[in-house]
Each structure stands twice: as structure tokens, then as C-alpha cells.
Amino acid sequence: MFKEIYLLKNENTNIFFPILLICLLPAIILSGSAIINISIIIIGTLFLINLIKYNHFNQINLNYFIYLSLFFFSLLINIFTSEFGLNDFTRQVGFLRYILFVFAVAFFFNYKNKKYKNLIFKIWFLIFIIVSFDLVFEFIFGSNLFGNVSYLKGRLASFLGDELKIGNFYFGFFLIALCFLINTKLNSKLYLLCTILFLFIAFIIGERSNFIKIFLSLLIFFSFINNISNKFKFFTIFITFIFVLMTTILNKDINSRMMQIYKPVLEKGVIGYIKSSHYGAHYDTALKIFNNYRYFGIGLKQFRYESAKEVYDENENNIYNRDNWSTHPHQIHFEILSETGLFGYTSFVIFFILSLIKALKSYMENRNIYLLSSIIFIIVSFIPILPSGSFFTTYSATIFWINYSLLIAFDNYEYDKKKT
């Protein structure tokens, strides 16, 4: 790693700074929206300078560029067609930074035949390990390394403090960490230990939806990886199940959180539980907003204002006072439907279907596990019903678009065909 850092140091400024920022992205994500946005803009700007100065336009994957451009165009249309799209159009216009960002990350990953790919993944893995250690530390001692304490029992805060969303970070980098370990040809027993440990940490974070997503991601990942024995896969799942069960029994805070789901699901069923929860109230409100603004939605970022209206208080799922109100519906599909309508939702679905079809085609050719991890992350992110963060907030969006950028970076299908 030190040799790679030395090589990077000798690069020109337009290469050194963006690759350094990409190396530090997991840490930057934990630093707050302002630092995230500044870093994304710097990476995108320096990418544009390289693109124009050295005429690297031929290195842009044209298909993904078309997909992203059309999706961006649909968001711009949303400004003028949504009921209140003109009230705050910074999300639509600001999405341009993510288009530059994903192509920038892909470009710098592939720079000089992926010269710094290993350095980036090593630093990402190191940061992931630091966060994992911090979470275990907080679970044992009640506060993290910086003294952060979660305000909810059974949830861990880690470096994010009062923002209890570290589970999304863990979901975003979980498969990437496993891919890195596979590529280092780690001893199978150590790999087994690391996989179980990461799963256990994902569970004790206390974010139930993200743990389900991480667990499903691993199951799908295992189904595609042939160089890991079925015995190993079964043992990993079995041991994880035992750890989860024992922790739930022995830890009263986690037990309490699990009972919040277990008992209502037994009494009412899955659908009944969701309807009676505060998430069900958010979903119900989102559907009502969609029915009122069916074709073009209420406008990005407008759910927080619309859902606050008293008309949505008349809600059979409203088990808490004003439970229909939220900054977003806590589910991607309901968020897109309510804020962009049928037009935006259709554009959204087409964009990701085309992206996934192209990526899967490439994976069948090159069997790149990082490409596989990004495909799985995107698919699992869009599972209906399961709660999620807002698709358009800086924190969640950056984690998502990092994974999407790996989709572009490791989709070498067309490039390899041209070489042959």
C-alpha cells in the first residue's frame, strides 16, 4: 500500500487529489453533508478537467451515459410538471453532480489500467474495519471511540452520533469488503470468521431493514460465487443464525427491538404489522399524495411539506400523533411515486432495468466480483416494502452512487470485445 501511495503522490494534481478523495470516500461519508458535497464536486470538476484537457471522452461508457442523461432529463422535467416542482428544484439540478461523480469514480478506478484500484480498495477496507471495530466497542462499552451514545436502546450510533443510520453505510460497503478479502486470497477459515463477524456487527447495529438487506445480499452473492464451497456457505449462515439468536436472547435491548416486530407479525401477519407501524403511515400518506398528483407527483423534497397537512391525519395507520408526517416516506418506491408521479417512476424503473441488464450481460462475460457486488447492492436496495433512507439525500445517495460507479468501472464487456 505504501508503494502505491508513493506512486500516487508523484501524479499530477488533477490525478492525485481526486484519487485521494476517492480513497477516503467511506470516511468522507461519515463527515457530514457539506464535506460530502464539496468532495463530490471536487472529484467531478477534476474529472472534467482531465476529460477535456487530455481528450479522454472515448473512455466514457456511452450506454451508461445515455441512461443517466435520460434519467437526469426526467428529473428536470419534474421541475415544471410537478405540482410544486418550482418551489425547490435544487435536488433536480443538483443531481448533475452525481452524473459527473459516477463517471469520475469509474474513470479514476480505470486510470492507467486500474493502477490505483488496489490502493482504493485497501483504504476502503481499512476504513470499514475501523467502523466495524468502533461498532463492537460501542456495543460492549455503551459509547463509541469518540464518546457518541445512541439515544435509542438497541441501536448503535458509531461515528454518526445522533443520526442513527450507520447501518446504511455498512450495507453499502459490506459486499465490497467481502470482495476485497476474496481477491486477497485470504485463508478460508479467516474468510469465514470475517464474514460471520461482519454479519454479526450488521445485526447489533440494530437497523433491522439494513440487516435484512445485508443478509439477502450475502445469500445472493453466495449463490453466484462458485469458488466457495457449499459447506462453507451453509456453515456461515448457520453460525450467524446461532449468534443472532443468542444475542437476541441475552441482550435485553436487542430483544426488545426484535419483539417490536416478532409479536405484531405473529398477531397480524407481515402486511398487518406494516400497516399498523409508523412506516405504514408514511407509505399510506405517500400513496394518497400519489393519488392526488398521479402523473408528475408533488415535486422532489415536497413530501415533507405535503405530508404535514392535516388532511393526512385521517389515517387508519396513524398509531402515533401526527405519524403521517415525515421528511420522506422511508421507502424508495413510495418516495419516487409520490414526488415524481408515474412519469418519474417509469423513467426511474427503465433507467435501472437497462443498467442492470447491461451489467449482468457484462458479468456473465468477465465474472468480476466487484461488478457482481454492485449489481446485488442495487437490486436489494430496490426491494419493495422494506424501509429505506431517502433516495435523494446526500448521505444515502452518495453510498448508492458509489456502488453504481463500480457498475460502470468494472463493466468491461464492450472494451474487452474491442480489444479482441
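Predicted model: local features only at pLDDT ≥ 70, side-chain atom pairs only at ≥ 80, totals over all residues.
Biologist: Which residues touch the most other members of the largest nonpolar core?
Modeller: They are Trp124, Phe391, Trp401 and Tyr404, in a core of 117 residues. A nonpolar core is a set of buried Ala, Val, Leu, Ile, Met, Phe, Trp, Tyr and Cys residues joined through side-chain atoms within 4.5 Å. Buried means under 20% relative accessible area, exposed over 50%, and partly exposed in between (1.4 Å probe, protein chains only).

Biologist: Which helix gives the largest share of this core?
Modeller: Helix H10, residues 166-183, supplies 14 residues. Helices (H or I, at least four residues) and strands (E, at least two) are DSSP runs, numbered from the N terminus. Another core lies apart, with 10 residues, including Ile274 and Phe334.

Biologist: What does phenylalanine 391 touch?
Modeller: Not counting residues up to four places away in sequence, phenylalanine 391 touches Phe71, Ile332, Glu335, Ile336, Phe348, Phe352, Phe382, Ala397, Phe400 and Trp401. Contact means heavy atoms within 4.5 Å.

Biologist: Turning to helix packing, at what angle do H9 and H10 pack?
Modeller: The angle is about 130 degrees, with the axes 10 Å apart. Axes are lines fitted to C-alpha atoms, for helices over the stretch in contact, and angles run from 0 to 180 degrees between N-to-C directions. H9 is therefore oblique to H10. Angles under 35 degrees count as roughly parallel, over 145 as roughly antiparallel, 65 to 115 as roughly perpendicular and the rest as oblique.

Biologist: And how do the axes of H9 and H11 cross?
Modeller: Helix H9 (residues 117-141) and helix H11 (residues 188-204) have axes that come within 10 Å and cross at roughly 55 degrees. These two helices are therefore oblique as well. On the H11 side, Phe198, Ile201 and Ile204 meet residues of H9, among them Phe125 and Phe139.

Biologist: Now serine 388: where is its place, and is it buried or exposed?
Modeller: Serine 388 sits in the loop between helix H18 (369-381) and helix H19 (394-409). With a relative accessible area of 12%, serine 388 is buried. A polar atom of its side chain lies 3.2 Å from the backbone nitrogen of isoleucine 332.

Biologist: What about serine 405?
Modeller: Serine 405 is in helix H19 and is buried, at a relative accessible area of 0%.

Biologist: Which side chain does lysine 358 join in a polar contact?
Modeller: The partner is aspartate 411, at 3.0 Å. A polar contact is a pair of N or O atoms within 3.5 Å; within protein, one must be able to donate a hydrogen and the other to accept it, and residues adjacent in sequence count only if both atoms are side-chain atoms. Lysine 358 lies in helix H17 (residues 332-366).

Biologist: Lastly, what is the phi of serine 158?
Modeller: Phi of serine 158 is near 55 degrees, a positive value in a residue other than glycine. Most residues other than glycine have a negative phi. Serine 158 lies in the loop between H9 and H10.

Conventions:
Residues numbered from 1 in each chain as written. Heavy atoms only, no water.
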